[in-house]
Amino acid sequence: MGRRFELSEPYQVGREHVREFARAVFATNPIHTDLEAARNAGYADLVAPPTFTAVLQDRGLQLLLADPMVTFELKNIVHGDQKYEFMRPVVAGDLLTTELEVTKVIARGRVNMIQATTVIRDINGEIVVTSLATLVIGGEE
């Protein structure tokens, strides 16, 4: 608990990233794919669907799973829960940093749960979104 993992470089949100992700998750609001629609709605650029930040969270989780102190195998992990708290939407052009922290570890018999909190900030250091993921780790048989 308390271990922190930070991506080595900021992530540049590109318009094509937003468009591709919107198509992949069937987000049909034109603010995700049409720049004029996004600007007419009051945004500076294309608006990423809310779950877009899972891309950054996953990168943080990959750092956690690659940590030498982590001894469980990927095949024994189930994503148990996910919550997001947005301060503002993510838009194309954002340059985002990501820091993941293990905030809770619970052992229950042969199952362990790890709660990881990911804070995504913009280039000014302002929090854009905080996400909370719970990984459920089963034991070996």
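The model is predicted, so local features need pLDDT of at least 70 and side-chain atom pairs count only at pLDDT 80 or more, while totals for chains, interfaces and linings use all residues. Residues are numbered from 1 along each chain as its sequence is written, and side-chain values use heavy atoms, leaving out hydrogens and water.

Start with helix α3, residues 54–66. Helices here are DSSP runs of H or I with at least four residues, strands are runs of E with at least two, and both are numbered from the N terminus. The helix α3 has 13 residues. The expected span is 1.5 Å times one less than the number of residues. For α3 that gives 18 Å, and its end C-alpha atoms are 18 Å apart, which agrees.

Which residues of α3 are buried? They are L56, Q57, G60, L61 and L64. Seen down the axis of α3, these buried residues fall within an arc of 140 degrees, so they line one face of the helix. The arc is taken from the directions from the helix axis to the C-beta atoms. Buried means under 20% relative accessible area, exposed means over 50%, and partly exposed lies in between (1.4 Å probe, protein chains only). An α-helix has 3.6 residues a turn, so residues three or four places apart point the same way. The buried residues of α3 pack against β1, β2, β3, β4, β5 and β6.

Strand β6 covers residues 127–138 and includes T134. T134 is buried, at 12% relative accessible area. Beyond its neighbours within four places in sequence, T134 is in contact (heavy atoms within 4.5 Å) with V78, H79, G80, D81, M113, I114 and Q115.

Now the rings. The structure holds three aromatic pairs. Rings of Phe, Tyr and Trp (its six-membered ring) pair if their centres lie within 6.5 Å; planes under 30 degrees apart are stacked, over 60 edge-to-face, and the rest tilted. F21 and F52 have ring centres 5.4 Å apart and planes at 80 degrees, so this pair is edge-to-face. The pair links distant parts of the chain, 31 residues apart: F21 sits in helix α1, F52 in the loop between α2 and α3. F21 is buried at 18%, and F52 is buried at 2%. Y11, F21 and F52 form one aromatic cluster.

N29 and Y84 are 55 residues apart in sequence and 20 Å apart in space, C-alpha to C-alpha.
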